[in-house]
Amino acid sequence: MDTTTLGPAKGAKALVIGGCGGIGRAYVDGLLLAGCEVAVIDRPSAHQAAPLPPGVTVIACDVTDEAAFTRAIAQQAAKFGAFDVLAHVAGINPSQTRIAELDLEEYERVMQVNLRSAIVTAKEGLPHMAEGGAILFVSSGLGAQPEPTFGSYAMSKAALNSLVKTLAKEAAPKVRVNAVAPGLAATAFLTGGTGAGGQAGSLGYIDDLGELGARLIAAIPMGRLADPVDIAGPMLFLSGPNSAYMTGQTLFVGGGKVML
Ligand SMILES: NC(=O)c1ccc[n+]([C@@H]2O[C@H](COP(=O)([O-])OP(=O)(O)OC[C@H]3O[C@@H](n4cnc5c(N)ncnc54)[C@H](O)[C@@H]3O)[C@@H](O)[C@H]2O)c1
């Protein structure tokens with residue numbers, strides 16, 4: 001057991017997809033503190049809205065441009081030699097709509113970013129994983145316990161949880177595959193997303209919701225929204241050697257809201 005590090009070993013090579021966002025950035029900061037080499041793929045608008053610290057390899061690419069996305073993964077794999085850590089953090093929830101009023105075009109978009117690009121990450125990234133490497137996805141508590149108006153988003157994350165299990169069985173024992181499933185976290189996600197007009201650290205979000213916001217908080221045993229570092233800690237743990245016997249797991253990090 002290595003108690004000197006929470007995350008991957010010093011010098012580990014990590015590619016993070018969606019690393020400019022609130023949770024992604026806290027995770028990237030943790031990887032850098034652990035002494036990892038880090039490359040980040042994110043959409044150009046996110047790199048502009050939330051620039052990464054020096055030393056990180058910046059790759060501006062929208063995951064829905066699949067040809068460019070697969071090329072970016074292959075090119076970074078060639079530069080690194082192999083990935084010790086491959087993390088897919090990118091996700092969107094453009095609006096809240098009941099299933100009866102669902103816009104199927106928007107449903108497709110949510111699936112493309114949240115699920116299809118995760119599958120592409122797995123498919124293209126797995127052959128480049130180092131022995132003992134870790135693949136990590138970011139799911140959501142809603143993937144296990146959906147709420148009204150989050151249909152497309154919850155479906156995408158439920159399918160992602162299934163991808164984690166299948167891929168974990170296929171990739172073992174060489175590579176581990178896990179996910180974290182955050183609850184409400186104070187990031188730009190709550191107000192549109194990083195690079196899509198959302199405000200970083202949207203702590204005011206709950207206040208703006210009035211009575212609904214109070215009900216949302218009351219449903220969280222820890223009584224508050226997550227800070228991005230609350231999510232990044234478990235992500236680092238799942239990325240490193242201290243979780244060497246964990247695979248196929250979705251770890252719920254939602255202040256106790258989801259207990260399975
Ligand atoms: N914040 C929350 O309350 C919350 C709760 C549960 C799960 N999550 C999940 O956590 C993950 C990170 O979210 P966050 O809270 O940091 O939000 P965020 O909006 O700050 O970060 C999301 C990142 O994904 C990137 N992304 C979105 N679409 C993309 C595309 N087409 N191509 C490339 N990159 C793209 C964004 O640019 C952004 O950097 C997401 O998967 C989200 O679903 C968030």
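**Ligand, rings and a pocket**

Guide: To begin with the ligand, one of its nitrogen atoms is 2.9 Å from a polar backbone atom of Val63. Bear in mind that this is a predicted model.

Visitor: And the oxygen side? What lies 2.8 Å from an oxygen atom of the ligand?
Guide: That is a backbone N or O atom of Ile23. Gly22 also places a backbone N or O atom by a ligand oxygen, at 2.9 Å.

Visitor: Which residues come nearest to the ligand?
Guide: Asp42, Asp62, Tyr153, Thr187 and Thr194, out of 31 residues around the ligand.

Visitor: Switching to rings. How many aromatic pairs are there?
Guide: The count is two. In one of them, Phe80 and Phe83 have ring centres 6.2 Å apart and planes at 90°, so this pair is edge-to-face.

Visitor: Is Phe80 buried or exposed?
Guide: Phe80 has 10% relative accessibility, and the cut-off for buried is under 20%, so Phe80 counts as buried. Phe83 is buried too, with a relative accessible area of 0%.

Visitor: What about the pair with Tyr153, how is it arranged?
Guide: Tyr153 pairs with Phe189 in a tilted arrangement, with 5.6 Å from centre to centre and 50° between the planes.

Visitor: Where do Tyr153 and Phe189 sit in the chain?
Guide: Tyr153 belongs to helix H5 (residues 151-171). Phe189 is in the loop between strand S6 (176-182) and helix H6 (204-208). The two are 36 residues apart, and the pair links distant parts of the chain.

Visitor: Buried or exposed, those two?
Guide: Tyr153 counts as buried, at 8% relative accessibility. Phe189, at 29%, counts as partly exposed. Tyr153 is also among the residues that come nearest to the ligand.

Visitor: New topic: the second largest pocket. How much space lies in it?
Guide: About 270 Å³. Its lining is made of 19 residues.

Visitor: Which of them lie nearest the centre of that pocket?
Guide: Glu131, Gly132, Gly133, Ala134 and Arg176.

Visitor: Which strands supply at least two residues of the lining?
Guide: Strand S4 (83-88) and strand S5 (129-138) each do. S5 gives the most, with four residues.

Visitor: What is the lining like by class?
Guide: The lining of the second largest pocket has 10 nonpolar residues, five polar and four charged.

How values were computed. Residues are numbered from 1 along each chain as its sequence is written. This is a predicted model: local features need pLDDT of at least 70, side-chain atom pairs count only at pLDDT 80 or more; totals for chains, interfaces and linings use all residues. Side-chain values use heavy atoms; hydrogens and water are left out. On a 1 Å grid over the protein atoms alone, a cavity is a set of points where a 1.4 Å probe fits but cannot get out, and a pocket is an open set with protein on both sides within 12 Å along at least five of seven lines; lining residues have an atom within 4 Å of a point. Grid points are joined across faces, edges and corners, and a volume is the space filled by probe spheres set on the points. Ala, Val, Leu, Ile, Met, Phe, Trp, Tyr, Cys and Pro count as nonpolar, Asp, Glu, Lys and Arg as charged, and the others, Gly among them, as polar. Rings of Phe, Tyr and Trp (its six-membered ring) pair if their centres lie within 6.5 Å; planes under 30 degrees apart count as stacked, over 60 as edge-to-face and the rest as tilted. Buried means under 20% relative accessible area, exposed over 50%, partly exposed in between (1.4 Å probe, protein chains only). A residue is near a molecule or strand if one of its heavy atoms lies within 4 Å of it. A polar contact is a pair of N or O atoms within 3.5 Å; within protein, one must be able to donate a hydrogen and the other to accept it, and residues adjacent in sequence count only if both atoms are side-chain atoms.
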